[in-house]
Amino acid sequence: MYGNAFVDPDEWKKLKKGDKTPEDPVKLEAFQAKIDRGEKIEPSDWMPKEYRRQLIRMIEQHANSELIGALPEGTWITRAPGFKRKMAIIAKVQDEIGHAQLLYNAAESLGKSRVAMLNDLMSGKAKYSNVFNYPALTWADVAVIGFLVDGAAIVNQLINSKGSYGPYCRALKRICAEEAFHLKQGHDAFVALATGTPKQQSMLQEALNRWWRPLIHFFGPSDKQSVHGETLQRWKVKMASNDDMRNKFFDQYVPKITEVGLTIPDPELRKDEATGEWFYGDPDWDEFFRVIKGDGPCNKERLAVRHWVNENHQWVSDALLRPDRVRMVPLA
Ligand code: FAQ
């Protein structure tokens, strides 16, 4: 066992270098059969190198998204309208950081250390969700994040919680239970603005206009452009394709948005009732790829926070992990 994971240190070194030696076909067949039977894969089980690599990539990105995802709403803690909303947003932001911890644990069970993951986040090597590279300009943006970004996340996570890798699925189940409360607070803030004064209503509409495109991007590129989708679905890591999840989101949330009097900022959005498929206008995939490669409105600002935390809060990990190095200053 290596660190938190059941992987031989030499195997792990080779994996990091991109080891592509062919898998044992007998083991591979047994592995696929186990997945096809709907059984869970646990950290101590044999797994193909590519399954391990893909899971680390996806869970690590998810953990990074929760960690960075706390920042847009976090900036509103001091400005939340009223004590109850302030309490709720503080609790929510704490939860998101907790979700990151659960997910880093799940990724660590595959062999990559938390420190390595945080370093890759800071250097820009590892990704996180596109949506968190946009600013929360007004309180209405917080309402849109709480209702629609959380709603989108739940669609994805509920489906994938039935997937093949035990530690990830168990983490997703716990996360979804908490996200359900986030959704309620988001919906409450959303409806309060939608049924408020004309100024509040237009503030909410403007926030929706800003977030609609990033929300479409949230589910990833179309199935035709998806790089990993097919492999991940074969291994039941992703339990639905990007387009299917996006479709499910439209099904659930378009009626909820329009019933409170808002307009979806896409005149081409429509559902084919015969097939159940939604069609939408060009969401500018170039923007999506620019943002996830580091060139979005807030990428630099978001990573700067992680660098600041790393530099200024090192003493916390020292106190926990290396207490011998911490100098105790007696209280005067
Ligand atoms: N953002 O081949 P595919 C939350 C990348 S949690 C950034 O289709 P895949 C909670 C992708 O990595 C939100 N990058 O990829 C919360 C790949 O690049 P690579 C996060 C994206 O993995 C709420 C390339 O594009 N949720 O919100 C995105 O099969 C409120 C090609 O794409 C998860 O991470 C994107 N949106 O499918 C917190 C769920 N989409 O790695 C605070 C788990 C794609 O080759 C407040 N992840 N890319 O360089 C997944 O379900 C999948 O990874 C997808 C992407 C569906 C995101």
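**Briefing: a ligand and its protein shell**

A nitrogen atom of the ligand lies 2.9 Å from a polar backbone atom of asparagine 130. This is a predicted model. The ligand sits in the largest pocket. The points below cover its contacts, its surroundings and the protein chain.

- Arginine 57 places a polar side-chain atom 2.9 Å from an oxygen atom of the ligand.
- Asparagine 156 also uses its side chain: an N or O atom there is 2.8 Å from an oxygen atom of the ligand.
- On its own, the ligand has 1100 Å² of accessible area, and the protein covers 91% of that.

**The shell around the ligand**
- There are 37 residues around the ligand. Those that come nearest are Lys127, Val227, His228, Lys238 and Asn242.
- By type, the shell holds 13 nonpolar residues, 15 polar residues and nine charged residues.
- Helix H3 gives the most, with eight residues.

**The protein chain**
- Its secondary structure consists of 13 helices and two strands.
- The C-alpha atoms fill a box of roughly 75 × 65 × 35 Å, taken along the principal axes.
- The chain has 332 residues, and a compact globule with that number would have a radius of gyration near 20 Å. The protein chain has 21 Å, so the value agrees with a compact globule.

Definitions and conventions
Residues numbered from 1 in each chain as written. Predicted model: local features only at pLDDT ≥ 70, side-chain atom pairs only at ≥ 80, totals over all residues. Heavy atoms only, no water. Near = heavy atom within 4 Å. Polar contact = N/O pair within 3.5 Å; in protein donor to acceptor, adjacent residues only side chain to side chain. Areas by Shrake-Rupley, 256 points an atom, 1.4 Å probe, with all protein chains shown as cover. 1 Å grid on protein atoms, 1.4 Å probe; cavity = no way out; pocket = protein on both sides within 12 Å on 5 of 7 lines; lining within 4 Å. Sits in = over half its atoms within 2 Å of the grid points. Helix = DSSP H or I, 4+ residues; strand = E, 2+ residues; numbered from the N terminus. Nonpolar A, V, L, I, M, F, W, Y, C, P; charged D, E, K, R; others polar. Rg over C-alpha atoms; globule rule 2.2 N^0.38 Å.
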